[in-house]
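Here is a set of questions and answers to be read alongside a predicted model. Each answer reasons its way to the value or name requested.

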Amino acid sequence: MTSPLRRAYEENSVLITVGSGGVGKTTVAATLALRAAMEGTASLVCTIDPAKRLANALGLEALGNQVTRIGDPVFARAGLAPRAPMDAMMLDMKRTWDEVIERRAPPDKREKILNNRFYQSLSTALAGSQEYVAMEKLCELRATSSAGLIVLDTPPTAHALDFLDAPNRILDFLDNESAKWLLTPALAAGKFGLKLFNLGGSYVAKTIARFTGTETLQALADFMLHMSGMNEGFRERAHQTRALLEAQSTSFVLVTGPMPDRLDEAVYFHTLLQQNKLRVAAVVVNRVHAPVADSLWAEVARLPPSLQPAFEKTLKENEHLARQDGRGIARLAEACAPTPLVLVPRFEADVHDLASLFETSRYLWGDARLEAAVVAR
Ligand SMILES: Nc1ncnc2c1ncn2[C@@H]1O[C@H](COP(=O)(O)OP(=O)(O)O)[C@@H](O)[C@H]1O
Ligand SMILES: [Mg+2]
């Protein structure tokens, strides 16, 4: 049987790894792109906040927001010889926002926006703004890159699917009726505080409420003023993004860990993706404890009796963790059916170099298989 991720590689030109923070999204994204190149498809991975050592392994030291070709010597050192080139980049949020403004703002507004204090804190000020900019970049990359497969990593989202909502939120923010109050001359002149305005409980109100002090308000009012008129561009892009996400050739790879707290999030995430009619190629359950092999028990039985208890204790602990994971995996498989699950073991060391990425890819591709502990249900 073809592994679901191998099939996803064959059928898609965009794969997006999603899931909660720390589960292995960046690792899986880099692994998929590496394997695609090994198999003969030029690939590009756009990572977000990769671990420093992984960034180094991909040759991304100081090249924020630049697409970088991974050189043959780098692969050779890892004992790999890909059949197609692999590109990598590290998404720089601030740089990408600047590019959006440079592309979209009228020339006389550009500098004013770029120097605006509210704008400069935009990525932290506006919820969903990181997600928005990741989607912007994806659209741009898909339009300009010749890579057969682009793999997009996503930011550690506080709320599931923030990135789907992000373009709409930005639009909502720019469009919002109540935000227009900010453009009133009185407020722009800094004469009144925000309390005068009834902004209700809208998203824009919540964002604005984080800002106090006339100076920041002034900056926000200026920002809104400069941005007004650019909404059409944003709206068009929001449609393009949505179309790309829904395209036949785009699939999501949901990454999770086997621990109970992760599972609930993963099931929720999966439900949302399906409700949004987005294709989920597979759920990758990462860092699974493998069941203890019979041969290991046999080995311990052959040890001197004085050593046996300590080793048995370790094996029992491992067995316990493997069973716990097995129970979670069974529950997840049922909740996400018919989406297939792909299991990746917990490795002893972090996955921070090309060789270990390739080792990981063997599980994603189905060359190696991890059987979950069989549990009575
Ligand atoms: N199967 C695994 N076994 C061991 N370590 C792993 C495994 N998968 C990921 N890691 C490590 O876990 C850390 C978090 O992974 P990362 O891909 O950065 O997560 P995320 O992008 O979801 O925040 C990294 O240091 C990575 O090398
Ligand atoms: Mg990450």
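Q: Which residues in α15 do Met135, Glu136, Leu138, Cys139 and Arg142 in α9 meet?
A: In this predicted model, the α9 side of the contact is made up of Met135, Glu136, Leu138, Cys139 and Arg142. By class, the contact of α9 with α15 has four nonpolar, two polar and three charged residues. The partners that these α9 residues meet in α15 are Arg237, Gln240, Thr241 and Leu244.

Q: Is α9 roughly parallel or roughly perpendicular to α15?
A: The axes of α9, residues 129–144, and α15, residues 231–246, come within 10 Å of one another and cross at roughly 75°. Because angles of 65 to 115 degrees count as such, the relation of α9 to α15 is roughly perpendicular.

Q: Which element gives the largest share of the shell around ligand 1?
A: The shell around ligand 1 holds 17 residues, with Lys25, Thr26, Thr27, Phe347 and Asp350 the closest, and by class it has six nonpolar, seven polar and four charged residues. At least two residues each are supplied by α2 (25–39) and β7 (280–288). The largest share, three residues, comes from α2.

Terms used. Residues numbered from 1 in each chain as written. Chains lettered and ligands numbered in written order. Predicted model: local features only at pLDDT ≥ 70, side-chain atom pairs only at ≥ 80, totals over all residues. Near = placed C-beta within 6 Å. Helix = DSSP H or I, 4+ residues; strand = E, 2+ residues; numbered from the N terminus. Nonpolar A, V, L, I, M, F, W, Y, C, P; charged D, E, K, R; others polar. Axes fitted to C-alpha atoms, helices over the stretch in contact; angles between N-to-C directions. Parallel < 35°, antiparallel > 145°, perpendicular 65-115°, else oblique. Contact = placed C-beta atoms within 7 Å.
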